[in-house]
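Have a go at each one before you read its solution.

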Amino acid sequence: MLEKALSGSKKYWTWIFILLVLIGIGTVNYLRQFQTGLAITGLSRDVSWGLYIGQFTFLVGIAASGVMLVLPYYLHNFKQFANITILGEFLAVSAVTMCMLFIFVDMGQPMRILNVLLYPTPNSILFWDSIVLSGYLALNITIGWVVLGSDKKGIAPPKWIKPLIYISIAWAPLIHIVTAFIYAGIPGRHFWLTAIMAARFLASAFSGGPALLIILALIIRKFTKFDPGKEAIQTLGKIVTYFMLTNVFFFALEFFTAFYSNIPGHMHPFVYLFAGLDGHAKLVPLMWTSVILAVVSLLLLIFPATRRNEATLAIAAAMVFISLWIDKGFGLIIGGFVPNMFEKVTEYWPTLPEVLITIGVWATGFLVLTILYKIAISVREETAGIEIEH
Amino acid sequence: MSMNRRDFLKIAGISTIAGIGGTAIVGGLQKGVIEAAQTAPDTDTLTGKKWGMAIDMDKIKSEETLKRVTEACHRIHNVPDFSNTKDEVKWIWTETFEHSFPGQEHQFMPDAIKHKPFLLLCNHCDKPACVRVCPTKATFKRKDDGIVMQDMHRCIGCRFCMAACPFGARSFNYRDPRTGLKPEEINLDYPTRTKGVVEKCTFCRERLAKGLQPACVEASNGALVFGDLNDPTSEIRRILASKYTIRRKPELGTEPNIYYIIGGSDYAVVPEIK
Amino acid sequence: MKIYGGGKIFVGLIIFIGLATSPFLFNIGKSSIVRDTKAAEIMQSMGLQCVEKKAFMLPNHMRLLDKWRDSVVRKGNRLYKASDGKEYEMSLQNTCLNCHSEKNETCNACHSNMARKHTCNGCHNYMAVNPYCWDCHIKPKETKS
């Protein structure tokens with residue numbers, strides 16, 4: 001089926017070319033980082049994780065959200081998702097690929113990455129995270145590829161794929177719960193030490209991922225002959241609405257506990273992020289952007305008129321995505337490190353090489369996504385109108 | 001022979017994997033050769049079950065003392081100086097009371113204590129959070145003496161331990177540490193580190209092995225007392241039994257092993273345990 | 001044979017294998033490591049003896065060093081009991097480099113350049129291996145060969 005990715009329109013090749021250029025720029029900058037060390041990033045002794053780990057955390061959520069398409073279709077026989085579960089699975093593949101790359105570029109000694117397997121350490125959450133992530137990647141590649149291959153031949157997928165699909169449904173939340181445990185089990189980082197961290201992660205994942213899928217579905221409809229289906233997109237819109245509400249609710253809970261309890265350690269990260277602390281306020285505009293986008297997107301999503309209109313739904317989805325990207329891909333990580341263990345403020349801001357490497361990784365993810373979607377859509381275009389029982 | 005390209009590639013692929021796997025297994029078996037060799041601790045080694053330290057802040061009277069103590073450590077361990085806080089590496093350093101014990105300060109406290117610089121270093125906790133989170137056991141707690149060690153050969157530089165340590169005791173080599181060392185000041189008997197690994201105080205385990213006290217203790221004129229917390233007759237235990245001492249962030253349950261004496265000017269007169 | 005374009009593929013494969021193995025093919029029979037047992041005896045009589053026999057050290061020194069570093073860093077055991085019963089401090093910087101140095105006077109007393117040949121680099125350069133020991137451990141001062 002790979003050959004489908006090798007023939008495409010001029011627009012397709014232009015897009016691929018742009019991605020390759022971005023990957024090239026990212027690679028050159030990564031080589032510089034490899035040579036001189038992580039000193040070329042904005043990271044410091046006090047803020048030792050930043051943009052890379054933030055992107056990793058955010059993208060684990062996007063990866064997990066594939067289950068929002070797979071579960072209704074396979075467990076509830078929700079027919080409208082029949083044609084687009086593959087989009088969820090391939091989005092998961094691309095997102096997990098980016099997760100792994102972000103972990104890799106964040107490492108001080110990337111050549112030693114296999115030490116995680118050579119000296120397996122069950123008490124480390126990072127060890128489990130590497131296992132659940134690679135497992136999830138393998139599951140989604142296998143399921144997506146096998147199901148699509150069968151569709152192409154016009155036959156039902158082999159029976160052995162069903163158990164794998166059920167496993168992947170249970171596995172999806174797991175990758176995000178384990179990722180949340182990286183943060184939620186650390187003593188002394190008040191911003192992270194919260195029992196609802198995993199629940200917050202799932203809520204933001206299941207709103208941010210489907211929001212991205214809505215945008216992708218609309219792009220696909222515009223540029224290809226394949227229509228993901230109006231009803232399918234509307235259902236995704238409802239999923240985004242409910243989970244975004246849950247996500248904002250969870251965040252409000254954190255806010256209440258921190259400020260009503262009035263415990264300084266719990267309040268300080270919030271104060272730093274939303275008002276600035278000791279005269280340091282680099283993240284304040286960004287965090288308020290996130291809040292405003294969340295509120296406006298919720299208004300657009302809650303009112304049926306704007307949710308049913310695909311133009312406003314697309315805007316709302318983009319707002320949800322950006323809002324969550326700021327909150328989880330940036331604020332969540334930095335808030336854990338500021339103020340530091342000495343109640344002092346060291347600020348963090350990514351450097352240009354760091355941003356270019358980050359863009360390079362995203363471009364790699366989008367290249368994987370483009371190729372996989374191109375294949376899936378080419379197959380769907382061929383088999384359009386043929387009903388296949390999965 | 002009838003074979004299509006697909007089958008040919010399959011067979012070629014499997015043979016390659018078998019070849020690589022086979023070499024790996026044979027290579028692995030050879031490792032057994034030196035397993036029989038014997039190793040032992042140095043004969044001069046100071047032995048203790050649980051090393052700890054008491055720091056008498058009243059005995060530290062001047063900036064010079066602090067400087068001498070921190071420099072003693074940083075010089076012999078080739079700790080680099082980049083003169084910027086971003087890439088900073090430090091094993092032992094100072095921080096005022098309010099920042100060393102956040103939440104313990106109050107507005108009526110004498111300035112002399114509130115702004116007094118306290119010596120901070122790795123607490124070699126009984127239940128270290130850094131060890132719990134390390135994905136490769138590169139940082140681990142030694143069973144024999146409780147030192148929290150860092151294996152620079154194994155560290156992958158993920159910095160999970162830096163996020164986990166509530167005492168900010170860990171530094172990452174953001175750049176090649178040798179660029180922060182003056183060639184003439186390098187201690188030739190001790191390695192430097194490489195870029196991309198995390199490091200911290202090791203309680204001078206290389207000095208303990210030779211029967212010496214940690215470098216900071218030696219340079220402190222008696223303000224720092226190092227000893228075995230498991231031995232009730234040790235000097236440190238007698239001090240802890242007779243003076244009021246505090247530890248950093250005990251509420252987090254990591255059980256730090258560095259104790260601070262505040263206002264204990266005459267602890268030298270401690271009862272002997274018969 | 002039904003492989004589409006099979007002829008080209010096999011010619012290509014043969015050329016690739018030839019290129020990939022050329023460094024080995026060109027150097028067959030050119031090894032310069034001579035196992036001179038007599039020299040070893042003389043060196044031993046002068047007290048120039050490594051922790052283990054040369055026949056063991058040549059192929060196994062990296063494994064021994066690997067064991068040493070684990071023993072010192074992880075177990076806190078710093079003494080090595082060699083198979084002849086002698087004890088050594090397990091330290092690359094403070095034990096190995098005492099002898100394996102360009103400045104080894106016992107060697108240099110009789111042979112010009114002899115010590116230099118027996119430094120780490122003397123062999124590593126020849127074997128084209130580049131271990132990263134010296135990223136951390138202080139490298140003995142050697143002239144680049």
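**Exercise 1: Getting to know chain C**

Buried residues account for 13% of the 145 residues in chain C. Keep in mind that this is a predicted model.

Work out how many helices and strands chain C has, and in what order the elements run.

*Solution.* Start with the count: chain C has seven helices and two strands. Now walk along from the N terminus, and you'll read α-α-α-β-β-α-α-α-α. Finally, look at contacts with a separation of 6 or more: in chain C, 31% of them join residues 24 or more positions apart.

**Exercise 2: Two helices in chain A**

Decide how α9(A) and α13(A) are oriented to each other.

*Solution.* First, find helix α9 (residues 230–261) and helix α13 (residues 310–337), both in chain A. Their axes are 11 Å apart and the packing angle is about 40°.

Next, see who meets whom: A:Ile233, A:Gly237, A:Val240 and A:Met244 come from α9(A), while α13(A) brings A:Glu310, A:Leu313, A:Ala317 and A:Val320.

**Exercise 3: Where chain B touches chain A**

Find which element of chain B gives the largest share of the side that touches chain A.

*Solution.* Begin with the totals: 41 residues of chain B contact 34 residues of chain A. On the chain B side, α5 (129–133), α6 (160–164) and β7 (171–172) each supply at least two residues. The largest share, four residues, belongs to α6(B). By class, this side of chain B has 18 nonpolar, eleven polar and twelve charged residues.

Note on methods. Residues are numbered from 1 along each chain as its sequence is written. Chains are lettered from A and ligands numbered from 1 in the order in which they are written. This is a predicted model: local features need pLDDT of at least 70, side-chain atom pairs count only at pLDDT 80 or more; totals for chains, interfaces and linings use all residues. A residue is buried if 20 or more other C-beta atoms lie within 10 Å of its own, exposed if 12 or fewer, and partly exposed in between; C-beta atoms are placed from the backbone. Two residues are in contact if their C-beta atoms, placed from the backbone, lie within 7 Å. Axes are lines fitted to C-alpha atoms, for helices over the stretch in contact, and angles run from 0 to 180 degrees between N-to-C directions. Angles under 35 degrees count as roughly parallel, over 145 as roughly antiparallel, 65 to 115 as roughly perpendicular and the rest as oblique. Ala, Val, Leu, Ile, Met, Phe, Trp, Tyr, Cys and Pro count as nonpolar, Asp, Glu, Lys and Arg as charged, and the others, Gly among them, as polar.
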